[in-house]
Amino acid sequence: MDDKAKILLVDDREENLIALEAILSSLDQDLVRATSGEEALKALLTDEYAVILLDVVMPSMDGFETARDIKRRKKTRDVPIIFLTAVNSDPDYAFRGYAAGAVDFIAKPFDPWVLRAKVSVFVELHNKNRQLREQAALLREQATLLRTSRPDLGAMPSSEHVEPLAHVSTRLTAVEEQVSVLTAHAPPGLEQVVDELDSRVAELRMAFDPLRMSRPESTD
């Protein structure tokens, strides 16, 4: 699996795209070009992006129109947009940009350090959220397995269940530690899944404890 985040660069001028790529290349992420608003919207249909750098002034479909269409789509409404605008642009641009869903403005010509720093924050946040979504999916699978294969607590479970339980418990502990640090950015439902799985593991642990206690010690 490719761990690189995708960054969408939207500008109708070749020299501006080259400048953006030169500045952001040191982040070692996947930089994707779009030379129009329409092209940007097409790119967003097929891939997931960490952040969009969007030029304000473009022919046919400007940055504000593009941003509004991005925010109307359920799949892309939460992708952060940084508008790129000229230093001497209309003061009203800022108001229109934030109204269209921008998280920030960066003036041309770009300060390389500022641009890289801002983009890197969104890349890091995107990667953490992706990791949490993957963990959430694994936990949901494990919770489903525990729910559908729950043993009779009155019966003595076989020894083959002990190791899987230990594996699930270890994974749960690791995920809970990660969630405690990243709770503010956790995908919806993750904490509920963790709580449910924790309850299932505790229930199974109670059933397996007698087995562990009754297992004879190995002799040489």
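Mentor: Two strands pair if DSSP finds at least two bridges between them. Helices (H or I, at least four residues) and strands (E, at least two) are DSSP runs, numbered from the N terminus. This is a predicted model: local features need pLDDT of at least 70, side-chain atom pairs count only at pLDDT 80 or more, and totals for chains, interfaces and linings use all residues. Residues are numbered from 1 along each chain as its sequence is written, and side-chain values use heavy atoms, leaving out hydrogens and water.

Trainee: Which residue in β4 is the bridge partner of leucine 54?

Mentor: Phenylalanine 83. Strand β3 (residues 51-55) runs parallel to β4, joined by four bridges. On β4 and β5, which are also parallel, there are five bridges, and leucine 84 has isoleucine 106 in β5 as its partner.

Trainee: How many residues of β4 are buried?

Mentor: Buried means under 20% relative accessible area, exposed over 50%, partly exposed in between (1.4 Å probe, protein chains only). Five of the six residues of β4 are buried, so the strand is largely enclosed by the rest of the structure.

Trainee: Which residues of helix α4 are buried?

Mentor: In α4 (residues 92-100) they are Tyr93, Gly97 and Ala100. Seen down the helix axis, they fall within an arc of 65° (taken from the directions from the axis to the C-beta atoms), so they line one face of α4. The face turned away from that side carries exposed Phe95 and Ala99.

Trainee: What covers the buried residues of α4?

Mentor: Contact means heavy atoms within 4.5 Å. The cover includes α3 (63-72), β4 (81-86) and β5 (104-108).
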